[in-house]
Amino acid sequence: MPSETERMLAGELYDPFDAELVADRTRASDLARRYNATSEAEADRRDALLRELFGSVGTDAAVEPPVRCDYGYNVSVGDDFFANYGCVFLDTNRVAFGDRCMLGPGVHVYAPTHPIDPDERAAGRERGRPVIVGDDVWIGGRAVLNPGVTVGDEAVVASGAVVTADVPERVVVGGNPARVIREIE
């Protein structure tokens, strides 16, 4: 029988109050707290903590504190990644960023989703769907990426956009829900 962690990572309904998952969230919370307490002068410490928190970190990745995540180990960021202040990664499933991605302040990425049926929702189970972001993507401040979306290479997500569906390559999207505003030539 699969563990709750295995169910979570497979995108199946799982129990978020499973002891192993609670311990994993506690670990991530502690690492994020320590990361958020660092100063600009502690670049090596920041890098080490980020590499311990996230599942994979490319070269020259920078995340401005504060940062929050559920588990951390499901987050991967490519080379030359930059996240500005106050980003949140709810990583109940894979949250992956390609190379040279830039995130404005307060970007939120949500992998978890809850059942629509109220009885199922009341049972306390949830599931996660991966969020995948390609290379050379710019996500403006306060944008939200919802569960299961993919953002194509070289796309721009405007500030405040709520992305509920996949974003093609080389387009600018904005609004709630986000829609294509224009193609990038």
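**Sheets, core and salt bridges**

Me: Which residue in E6 does Cys69 stand opposite?

Reply: This is a predicted model, in which local features need pLDDT of at least 70 and side-chain atom pairs count only at pLDDT 80 or more, while totals for chains, interfaces and linings use all residues. Residues are numbered from 1 along each chain as its sequence is written, and side-chain values use heavy atoms, with hydrogens and water left out. Strands (E, at least two residues) and helices (H or I, at least four residues) are DSSP runs numbered from the N terminus, and two strands pair if DSSP finds at least two bridges between them. Strand E3 (residues 67-69) runs parallel to strand E6 (residues 87-90), joined by three bridges, and the residue opposite Cys69 is Phe89.

Me: Which residue in E9 stands opposite Phe89?

Reply: Strand E9 (residues 108-110) pairs with E6 in the parallel sense, over three bridges. In E9, the residue opposite Phe89 is Val109.

Me: What is the order of the strands in the open sheet that contains E3, and which strands stand at its edges?

Reply: The sheet is open, has five strands and is paired in parallel, in the order E3-E6-E9-E14-E17. Each edge strand has a single partner strand, so one side of each is left without a neighbour in the sheet; these strands are E3 and E17 (162-163).

Me: Which residue in E12 stands opposite Phe97?

Reply: Strand E7 (residues 95-97) and strand E12 (residues 131-133) are paired in the parallel sense by three bridges. The residue of E12 opposite Phe97 is Val133.

Me: Is Val67 buried or exposed?

Reply: Val67 belongs to strand E3. Contact means heavy atoms within 4.5 Å; beyond its neighbours within four places in sequence, Val67 is in contact with Ala32, Tyr35, Asn36, Cys87 and Phe89. On the scale of relative accessible area (buried under 20%, exposed over 50%, partly exposed in between; 1.4 Å probe, protein chains only), the value for Val67 is 0%, so this residue counts as buried.

Me: What separation lies between the C-alpha atoms of Val67 and Pro168?

Reply: Val67 and Pro168 are 101 residues apart along the chain. Their C-alpha atoms are separated by 27 Å.

Me: Which residues are in contact with Phe97, leaving aside its neighbours within four places in sequence?

Reply: Phe97 is among the residues that touch the most other members of the largest core. Its contacts are Ser76, Val77, Gly78, Phe81, Phe89, Leu103, Val109, Val133 and Ile139.

Me: How far apart are the closest N and O atoms of Asp30 and Arg34?

Reply: A salt bridge requires a side-chain nitrogen of Lys or Arg within 4 Å of a carboxyl oxygen of Asp or Glu, and the structure holds nine. Asp30 and Arg34 both lie in helix H2, four residues apart, about one turn of the helix. Asp30 is partly exposed at 29% relative accessibility, and Arg34 is partly exposed at 27%. In their salt bridge the closest N and O atoms are 3.2 Å apart.

Me: Which residue forms a salt bridge with Asp47?

Reply: Asp47 is partly exposed, at 30% relative accessibility. The closest N and O atoms are 3.0 Å apart, and the partner is Arg51.

Me: What is the N to O distance in the salt bridge of Arg170 and Glu154?

Reply: Arg170 counts as partly exposed at 31% relative accessibility, and Glu154 as partly exposed at 32%. The side chains of Arg170 and Glu154 meet in a salt bridge with an N to O distance of 2.5 Å.

Notes
Core = buried A, V, L, I, M, F, W, Y, C linked by side-chain atoms within 4.5 Å.
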